[in-house]
Amino acid sequence: FLLNGIKVQTPCFMPVGTKGTIKGIPLELLGDQSSLPLWGTQSTQILLANTMHLYLRPWDQVIRNHGWLHTFMNRNKLILTDSWWFQIFSLGLNKTKTGKSMAKIHDDHVVFTSIHDGSKHIFTPTGTVDVQCNLWSDIMMMLDVCAPVQNISKSQVHAYMSQTHRRAAMQFDHHQARYDQVRWSLFPIIQWWLYTDLRKESIDTLTPYAIDGIGIGGLSVGETLEEMEEMLAFMAPLLPQHIPRYLMGVWTPESMLLGIQYGIDMFDCVAPTRLGRHGIAYQLGGNSKLTHNKYKWSTSIGLADTCPCHVCKTYSLGYLNHLFNEWEMLGGILLSLHNIAYLHHLCRCEREKILWKIIEDI
């Protein structure tokens, strides 16, 4: 698809730079292969940033003063910012020193306590659009309601869905009226876990607001791979076919391949880089924990035979094991880069399969 004059090849994986950075990785290393041949694989087409964290620090107005998030991060490609709700949901589970919840949810706004200094903040559905526009996000996510999947009745889930739909209408109108000429993209989000009837109702309600793309949430939150497949198989024919479909928070190679099978275009998660910082590398047939003593004597080069990244062409498993055992930050950086590259390469291989299938059908 084409966004702000930039072509995005899908399916694609989008690394998460929560606070405007992927920990320990200069964003230049995620650039084009032609300019940085050491990277050895496709560049990162879209990078995520976290709206709530950037709102709190350094503040969205500060970033706007720098010339928006692209200039602030020195990022000349696309940026997607999230909708805040998952962070608000998480805050609601935490308590302040006085025993009060750190987030109180109302129908038309949310009051939450800063994790940094205890200050109080209020935001509304339209306010979240304004903050993301101050960041100059290429893709903004609507503020939905992230319903918990445990200890909640279907009627409560339905109430959350209705609240999400009301918010979506407000945000869509606000976005179109103020920012249509600039053409920032605003994606609504389908939630509601394993309830097929609620998923269908939500798709029917939110599709008119999905001008440029649509998000799919409420999966990868504890269900089995089989349950995820059941939901994807149900939703696939109901979702709009002419816009990108974004399966949120999905990151394992197995779940990504499953999503691609059902027409998913975009994936994201912080897990690949978080795992990399803890010594876990993606490999064929499962992840490997490079801190294990069995790798100490290994002179084998590369983590995955098919991965074209610089890490897999250069460093022995014994050396990577040594970096982690000595708490050297380079180990986490290298495995983070490898895990990103691994998922990029997986998506590129799937794109090639799709293109060959189209050619064969012709």
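**Sheets, helix contacts and backbone features**

In strand β12, isoleucine 216 is the bridge partner of isoleucine 190. The chain is a predicted model. Strands β11 and β12 (residues 214-216) run parallel and are joined by 2 bridges. They belong to an open sheet of 5 strands, ordered β3-β14-β13-β12-β11. The pairing in this sheet is parallel. β3 (12-15) and β11 (189-190) form its edges. Each has a single partner strand, so one side of each is left without a neighbour in the sheet.

A second open sheet contains 4 strands in the order β4-β5-β9-β10. Here too the pairing is parallel. Its edge strands are β4 (46-49) and β10 (185-187), and each pairs on one side only. From one strand to the next, the twist averages 25 degrees. β4 runs parallel to β5 (residues 78-81), and 4 bridges join the two. Leucine 47 stands opposite isoleucine 79 in β5. Helix α5 (residues 125-135) packs on this sheet. The helix touches β5 and β9 (139-141). The direction of α5 makes about 155 degrees with that of β9.

Two helix pairs involve α9. Two packed helices are described by the angle between their axes and the distance between the axes. For α9 (residues 253-261) and α13 (residues 329-361), the axes come within 11 Å. They cross at roughly 25 degrees. With angles under 35 degrees counted as roughly parallel, α9 and α13 are therefore roughly parallel to each other. Their crossing is right-handed. On the α9 side, the contact is made by Pro253, Met256, Leu257 and Ile260. On the α13 side, Tyr342, Leu343, Leu346, Cys347, Glu350 and Ile354 take part. By class, the residues of this contact divide into 9 nonpolar, no polar and 1 charged.

The other pair is α8 (residues 225-235) with α9. These helices pack at an angle of about 20 degrees, with their axes 10 Å apart. α8 and α9 are therefore roughly parallel to each other. The crossing of α8 with α9 is right-handed. Leu225, Met228, Glu229 and Leu232 in α8 meet Glu254, Ser255, Leu258, Gly259 and Gln261 in α9. This contact has 4 nonpolar, 3 polar and 2 charged residues.

A cis peptide bond joins threonine 10 and proline 11, with omega about 5 degrees. Proline 11 lies in the loop between β2 (6-7) and β3. The bond from arginine 57 to proline 58 is also cis, and its omega is near 10 degrees. Proline 58 lies in the loop between α1 (51-56) and α2 (60-65). Asparagine 74 has phi near 60 degrees, a positive value in a residue other than glycine. Asparagine 74 lies in the loop between α3 (68-73) and β5.

The mean pLDDT is 86, and 89% of residues reach 70 or more. Over residues 33-38, pLDDT stays under 50. For residues 33-38, the model has 6 contacts beyond four places in sequence.

How values were computed. Residues are numbered from 1 along each chain as its sequence is written. This is a predicted model: local features need pLDDT of at least 70, side-chain atom pairs count only at pLDDT 80 or more; totals for chains, interfaces and linings use all residues. Side-chain values use heavy atoms; hydrogens and water are left out. Axes are lines fitted to C-alpha atoms, for helices over the stretch in contact, and angles run from 0 to 180 degrees between N-to-C directions. Angles under 35 degrees count as roughly parallel, over 145 as roughly antiparallel, 65 to 115 as roughly perpendicular and the rest as oblique. A crossing is left-handed if the near helix is turned anticlockwise from the far one by less than a right angle, and right-handed if clockwise. Contact means heavy atoms within 4.5 Å. Ala, Val, Leu, Ile, Met, Phe, Trp, Tyr, Cys and Pro count as nonpolar, Asp, Glu, Lys and Arg as charged, and the others, Gly among them, as polar. Two strands pair if DSSP finds at least two bridges between them. pLDDT is the predictor's confidence in each residue, from 0 to 100.
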